[in-house]
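This report describes a protein model from its overall organisation down to single residues. Please consult the sequence and the structure shown here while reading.

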Amino acid sequence: MSDEVRGLYDRMVDEVPFKTQDFDYIGKSMPRFDAKAKARGEAEFTSDIMLPGMLYGKVLRSPYAHARIKAIDVSKARALPGVYDVMTLDDEDVTSVDATELTAPWDFGWIGPGWEEAVVSEPILAREVWRAWEQCGAAVAADSPEIAKEALKLIEIEWEQLPMILEMKDALVSEKTGPFDGNLMVPCLREEGDVEAGFKEADVIVEGKARWAPLPMTSIETKCSVARWEDDELTIWFRGQQVRPAIKKYSRALKMPASKVRIVCPYQGGSFGQMFTAGVEDTRTDLIAALLARRTRRPVKIQMTRQENVFGTDWEMTFDYKVGVKSDGTITAWKIVDCCSGCVGGSSTLQAFGLPGNWARDELKCENTLEDTKVVFVNRQPTWWCRSEQNQPAVFLDTVIQRVADRLQMDPSEVYLKNLKQPEPSAKAVIEKMKLESGWDGKWHRPGERTLANGKKHGIGVVLAHSWGNYTDFNVSIGLKIEGDGTCTLISLKDDIGTTAHTTYATIVADEMGLNFDHVHFPACQSTDVGYTLQGGGGAAGLHGNAWACVKLARKAKQELLELVAGKFGEGTAAEDLDMRNSVIFLKADPENKKPLSEVLYSMLDANSPDQTLTVGARVEGRGWAEENVMEIFVPYQCYQAHVVEVEVDTETGAVEVTSILNVADVGKMIRPETVYGQLYGGDIMGVERGLFFDTIYDPSTGVMLNGDFIYTPVATLGEIPKDLETHGMEVGKTPGPYGLVGVGESTANLLFGAVNSAVYNAIGVWIDEYPLTPDKVLAAVQKAGTEERP
Amino acid sequence: MTSADDAGREYDDSARVICLRVNGRDYRVLARPGWTLSFVIRDKLGLTGTKLACDQGACGACTVIMDGRPILSCMTLAVECEGRDIETIEALAAENHPLLDAWVQTESIQCGYCTPGVVMTAKALLDRVPNPSDGEIREALAGNVCRCGTYPRWTKAVKAAVKGTKA
């Protein structure tokens with residue numbers, strides 16, 4: 001931990017001291033609050049909201065990748081029986097929306113100068129479209145989805161087609177096709193040390209080119225908005241990851257008081273970055289639903305189809321790399337020249353900026369580094385983080401290590417240990433455990449050397465990097481309400497995207513406060529009526545920041561509670577004389593002198609009083625990513641993960657079967673181990689998809705993305721995942737989070753595909769430089785290797 | 001039955017009352033011919049435990065059991081289901097079927113959106129094969145998509161339910 005991080009961490013610990021031992025619930029997987037309701041089909045998701053008189057909305061989608069609406073005629077759609085309203089881009093409701101904040105950029109501090117110019121504000125129903133399937137022109141509200149769809153077909157539009165560019169290489173050399181001044185957005189050159197000197201110092205130079213495929217977004221519940229007005233008060237049932245920021249955006253967009261916008265966040269059918277409410281398509285949908293509801297004075301629901309729902313993809317990246325290395329494996333210099341795809345998606349494009357070299361820069365000792373990044377505009381789907389924005393940095397770091405190891409005939413794990421800034425204690429422990437559990441030393445073989453009895457080639461690969469989580473970012477707050485029977489409800493707005501974070505937070509509060517876990521509840525589905533807000537899912541950062549607030553709340557509430565009941569233990573008894581465990585309050589000096597919390601509180605309540613609860617709140621100030629520009633020092637590289645993959649490659653068909661996965665992850669501290677394991681195996685399964693199938697396919701003549709669904713994007717099912725999938729959580733390293741914890745869900749999905757790639761290399765003896773490793777690429781590589789021999 | 005719009009374009013405006021037997025209860029619903037069973041179950045009968053995720057028969061989230069077989073309700077027209085016996089997750093909840101407890105105990109749930117469809121597919125399997133092998137479970141559930149990736153728990157969950165049934 002750097003001195004700077006240590007200083008901030010110590011200050012936080014002074015403010016919020018947490019338990020270090022005698023845990024009652026932390027480290028045990030307490031029953032998740034949502035499981036039964038979800039199993040019974042009773043948990044209410046946004047898509048399940050049905051309101052009396054509700055209409056169904058649909059938005060027109062662009063058939064072209066770049067075009068302008070010259071004229072629009074909606075008269076036939078309006079006349080269709082069952083259609084309540086057709087709203088067009090020329091209507092005052094639409095033109096009066098202030099869309100500037102919808103695409104407000106997030107400056108994380110690493111973006112180069114000039115990024116402001118690349119932020120484009122788009123109207124919520126576009127006139128000029130920048131990508132196929134963009135929401136544009138008009139929206140319809142009807143009494144069934146079927147009629148709404150029918151009405152869209154009756155809208156007549158005169159289009160002016162404009163030149164489109166789908167490929168990054170074309171965008172670099174062609175005329176302007178985007179809203180920016182040229183297609184190239186904000187190039188960035190970052191050089192540290194002396195790269196040329198570093199290359200001279202090297203014994204070996206490793207060079208190559210590689211490509212990262214843009215991943216389609218595929219959370220299972222599609223984007224859905226339900227909006228209702230009562231006079232001038234707006235309620236939106238929300239499908240998203242970041243609830244509170246939506247109030248600010250939507251109230252400003254609609255030019256109404258924030259106090260009259262209410263957002264309800266039911267259960268969420270996954271997200272994986274997609275529903276972050278910063279991309280342009282999902283915020284548009286919420287506002288279009290709100291406008292249709294205001295015009296019709298009826299609740300309006302808009303649910304995207306599966307095809308519409310692919311409104312975000314990961315960034316495509318192509319890169320040239322050059323690495324200088326000494327014969328003992330010490331990297332002396334590296335250089336990456338990368339190009340990432342962008343799209344008009346507001347801030348989204350900028351997230352890629354300057355990133356691909358970040359992990360290598362932050363994790364490796366090598367000080368001679370050069371990163372030359374370009375982000376170019378293409379007429380494709382909006383780009384946004386896809387569990388997560390760290391895919392590109394992971395690909396580059398992994399490429400460097402694997403290719404160096406291969407060239408020097410070294411074990412990749414040795415190359416990691418040799419070059420990491422901080423190999424001990426975590427990375428070393430993780431590698432040891434990985435070797436032990438996987439039998440690595442007995443299984444790893446020279447590339448292409450092992451043919452199995454079934455005729456297939458066996459391969460094994462490993463990848464290592466840090467567990468990714470941010471220290472603490474935004475201001476967060478949480479409240480607690482104790483009822484007269486001693487049961488407690490936690491109060492804070494926090495989306496539930498599937499990790500049962502609510503159970504985790506309740507675990508911390510119950511443990512720190514001394515409450516019986518069964519007496520604590522944290523309802524997942526709350527609304528902005530609640531004044532407290534926790535950091536939403538995303539960035540693997542929720543727990544890292546939110547846990548501080550939970551500990552602080554527990555301390556404060558316990559103090560207030562004990563002050564309240566001290567008199568019940570005799571005159572002169574002070575809060576300091578008391579303690580509580582398992583919801584039983586006792587005298588520290590005489591633990592047998594005890595009373596159950598329920599009994600004490602019950603006897604104190606005035607049955608006629610309207611307020612019979614004790615309510616306490618706590619807030620933790622975020623340390624701010626943007627304002628202090630301290631992102632890099634907050635990203636802790638204290639906890640590592642290693643993933644081992646074994647594959648069987650059929651050299652006749654090019655098919656790759658992943659036969660086993662081992663995931664060893666140091667997470668600092670497990671609050672709720674089942675959640676950690678769920679993130680680990682879930683991330684691994686996504687990693688297999690990314691390694692083997694995920695890509696986006698566009699029709700070159702129309703610019704329409706062809707595989708935005710579950711048929712042409714082959715998502716992994718039980719049939720594709722290995723029977724042998726082992727996860728191990730470790731608690732070795734300590735990050736600056738409370739209890740030493742770190743985020744876990746993102747790195748796993750960011751890393752595993754690298755192990756798939758190196759396992760395939762180990763099987764066939766040729767690197768495949770382009771993700772995903774589809775059978776055609778594998779076959780081409782096999783041919784190159786001349787390994788078509790039969791068993 | 002068709003009507004015509006102002007431009008003289010014809011559109012299908014026929015709707016008729018259909019009888020559906022869902023979870024042992026008879027419903028009479030006014031349905032248009034293009035309405036899917038999933039739309040009628042969710043939006044007209046209010047049984048929102050059945051989920052809609054892909055609407056193209058590719059993910060299994062909308063699985064219900066019809067006459068003993070698991071079917072994709074997003075790919076089935078409601079008008080085709082007259083007189084059929086349909087079972088949804090709400091029926092399993094009402095009887096507290098062992099699969100539910102098994103899914104909870106093995107933590108085969110994350111976001112939970114796919115869960116009812118997976119559980120219904122598993123129920124259809126157990127109705128047919130009371131004590132399935134690992135291979136039979138994998139084959140039966142291979143059509144259900146879980147984006148959170150709870151797959152490694154499913155086999156355990158079905159086996160736990162088998163034990164629950166025997167007890």
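## Basis of the model

The model is predicted; local features require pLDDT of at least 70 and side-chain atom pairs count only at pLDDT 80 or more, while totals for chains, interfaces and linings use all residues. Residues are numbered from 1 along each chain as its sequence is written, and chains are lettered from A and ligands numbered from 1 in the order in which they are written.

## Chain B: overall organisation

Chain B contains 6 helices and 7 strands, where helices (H or I, at least four residues) and strands (E, at least two) are DSSP runs numbered from the N terminus. Their order from the N terminus is β-β-β-β-α-β-β-β-α-α-α-α-α. Along the principal axes, the C-alpha atoms of chain B fill a box of roughly 60 × 30 × 25 Å.

Of its 167 residues, 55% count as buried. A residue is buried if 20 or more other C-beta atoms lie within 10 Å of its own, exposed if 12 or fewer, and partly exposed in between, with C-beta atoms placed from the backbone. Among contacts in chain B between residues at least 6 apart in sequence, 56% join residues at least 24 apart; two residues are in contact if their C-beta atoms, placed from the backbone, lie within 7 Å.

## Chain B: two domains

Chain B is divided into domain 1 (14-88) and domain 2 (92-162), with bounds from an automatic or database domain assignment. Taken over C-alpha atoms, the domain centres are 21 Å apart.

At the boundary, 14 residues of domain 1 of chain B are in contact with 13 residues of domain 2 of chain B. On the domain 1 side, strand E5 (63-66) and strand E6 (69-72) of chain B each supply at least two residues, and E5(B) gives the most, with 3 residues. That side divides into 7 nonpolar, 5 polar and 2 charged residues. Here Ala, Val, Leu, Ile, Met, Phe, Trp, Tyr, Cys and Pro count as nonpolar, Asp, Glu, Lys and Arg as charged, and the others, Gly among them, as polar.

## Contact between the chains

The contact takes 48 residues from chain B and 47 residues from chain A. On the side of chain B, helices H2 (89-95), H3 (98-105), H4 (115-128), H5 (134-141) and H6 (151-166) each supply at least two residues. The residues on this side comprise 27 nonpolar, 12 polar and 9 charged.

## Nonpolar core

The largest nonpolar core has 295 residues, of which Val140(A), Ala151(A), Val509(A), Val756(A) and Val760(A) touch the most other members. Such a core is a set of buried Ala, Val, Leu, Ile, Met, Phe, Trp, Tyr and Cys residues joined through C-beta atoms within 7 Å. Helix H17 (residues 542-565) of chain A contributes the largest share, 12 residues.

Beyond residues up to four places away in sequence, Val756(A) touches Gly461(A), Val645(A), Val647(A), Val658(A), Val688(A), Gly691(A), Leu692(A) and Leu773(A).

## Val204 of chain A

Val204(A) lies in strand E8 (residues 204-212) of chain A. Why is Val204(A) classed as partly exposed? Val204(A) is partly exposed because 14 other C-beta atoms lie within 10 Å.

Leaving aside neighbours within four places in sequence, Val204(A) is in contact with Val325(A), Ser327(A), Arg407(A) and Leu408(A). The C-alpha atoms of Val204(A) and Val323(A), 119 residues apart along the chain, are separated by 8.3 Å.
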